[in-house]
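Hi,

Here is the structure I promised to send over. Have a look at it first, and then read on for what turned up when I went through it.

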Amino acid sequence: MAPRPERGTFKFDKYFIVMEELRASGQAITEHAPDPCPREWLEAVHCPDYVEQVFTAAVPKEKERRIGFPVTRHIASRVRHTNGGTWLAARLARKHGYAANSAAGSHHALYETGAGYCVFNDLAVCANRLIAEGQANRVLIIDCDVHQGDGTASLMAGREDVFTLSIHAEKNFPVRKARSSLDIGLPDQTDDAGYLQALQNAVPGVLDRFGPDIVLYQAGVDPHEQDKLGRLALSDDGLDARDRFVIAQARSRGLPIASALGGGYGEDQRAVAARHARSMLTMADENAKFRGPLVQK
């Protein structure tokens, strides 16, 4: 396990409570502890000078302000493990159809800096490594966090072997959006029906046209109507329907899918953690419906 991080303005307690919620659910889960992400994997996506700053806890103050908390040695260790967690989830998904990282989804981290509570971009690092190791020829990243995946879009820009799809609140952070392979910016207070319609209009076509070997899913629960930093209006049932749809679209095509936790914010950390746990359990339940062979290289 990564060491418990020191507190900044970001509430890290959520990640520990998520695991408590999962264990208390009564549903069968298998826990895996990831290895820390190797430095060279991070440097293949991020600026080596920035990686060095993180590893030595020497991130400049202006970058720490952009990230949202001090990058201590404890944080450096944690983010190496959470990046390793997304890689492990992808490997497990290739065996079992679906697996989840109970942290990460750090989609705002850019080449030379972190941003928006994100230090390293685990989605981009994982996609790059899957292709570098020959475990996939094409990777689709579906980002359903309420905030645009600007870091992922920037880091993967111009690549024909990675497709970035971001469905987000158009007027939310970041103010200056990057260009994903496909962006769907939703108006404030989009409800369950409007959100699901946007998913249905986009996801099946992207899967069929792009033809990925694996899907990485940014499964933030911040589109929820009670989220502190969201501007959308999905109910609990709406989030369930979103997650079931994404899983079913991948699995019905024989594709493995790995999810990362993503965003979820509120004063009641237990309620936010419960949404994350419910999301992962819903996806696992949907995956259990599919028993066909997985696409393998």
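Predicted model: local features only at pLDDT ≥ 70, side-chain atom pairs only at ≥ 80, totals over all residues.

Zooming out, six strands make up an open sheet with parallel pairing, in the order β1-β6-β5-β2-β3-β4. The edges are β1 (98-101) and β4, and each has a single partner strand, so one side of each is left without a neighbour in the sheet. From one strand to the next the twist averages 15°.

So is β2 covered or open? It is mostly covered, with five of its five residues buried. V139, I141 and D143 point one way from the strand, L140 and I142 point the other way, and all of them are buried.

In soluble globular proteins, nonpolar side chains tend to be buried together. Here the largest nonpolar core has 45 residues, and the members touching the most others are L140, I142, Y195, L199, V215, Y217 and I257. Several elements give two or more residues to this core, including α1 (13-24), β2 (139-143), β3 (162-169), β5 (214-218) and α10 (269-287). The largest share is from α8, with nine residues.

I142 is a handy place to start looking around. Leaving out residues up to four places away in sequence, I142 touches L165, V203, V215, L216, Y217, Q218 and V246. There is also a second, separate core of 42 residues, with C47, I75, L88 and M156 among its members.

**Two helices side by side**

Two packed helices are described by the angle between their axes and the distance between the axes. For α8 and α9 the angle is about 10° and the axes are 10 Å apart. Angles under 35 degrees count as roughly parallel, which makes α8 roughly parallel to α9. On the α8 side the contact is made by D192, Y195, L196, L199, Q200, V203, P204 and L207. On the α9 side the residues are G238, A241, R242, F245, V246, Q249 and A250.

**Helix α6**

α6 (residues 122-132) is mostly covered, with nine of its 11 residues buried. They are D122, L123, A124, V125, C126, A127, N128, L130 and I131. What caps the N-terminal end of α6? That is N121, which places a side-chain oxygen 3.3 Å from the backbone nitrogen of L123. After α6 comes G134, whose phi is positive, near 75°.

**One glutamine**

Last, take a look at Q269, which lies in helix α10. Why does Q269 count as buried? Its relative accessibility is 13%, and buried means under 20%. A polar atom of the Q269 side chain lies 2.8 Å from the backbone oxygen of G266.

Happy clicking!

Technical notes: Residues numbered from 1 in each chain as written. Heavy atoms only, no water. Buried < 20%, exposed > 50% of the residue type's maximum accessible area, 1.4 Å probe, protein only. Helix = DSSP H or I, 4+ residues; strand = E, 2+ residues; numbered from the N terminus. Polar contact = N/O pair within 3.5 Å; in protein donor to acceptor, adjacent residues only side chain to side chain. Core = buried A, V, L, I, M, F, W, Y, C linked by side-chain atoms within 4.5 Å. Contact = heavy atoms within 4.5 Å. Pairing = 2+ DSSP bridges. Axes fitted to C-alpha atoms, helices over the stretch in contact; angles between N-to-C directions. Parallel < 35°, antiparallel > 145°, perpendicular 65-115°, else oblique.
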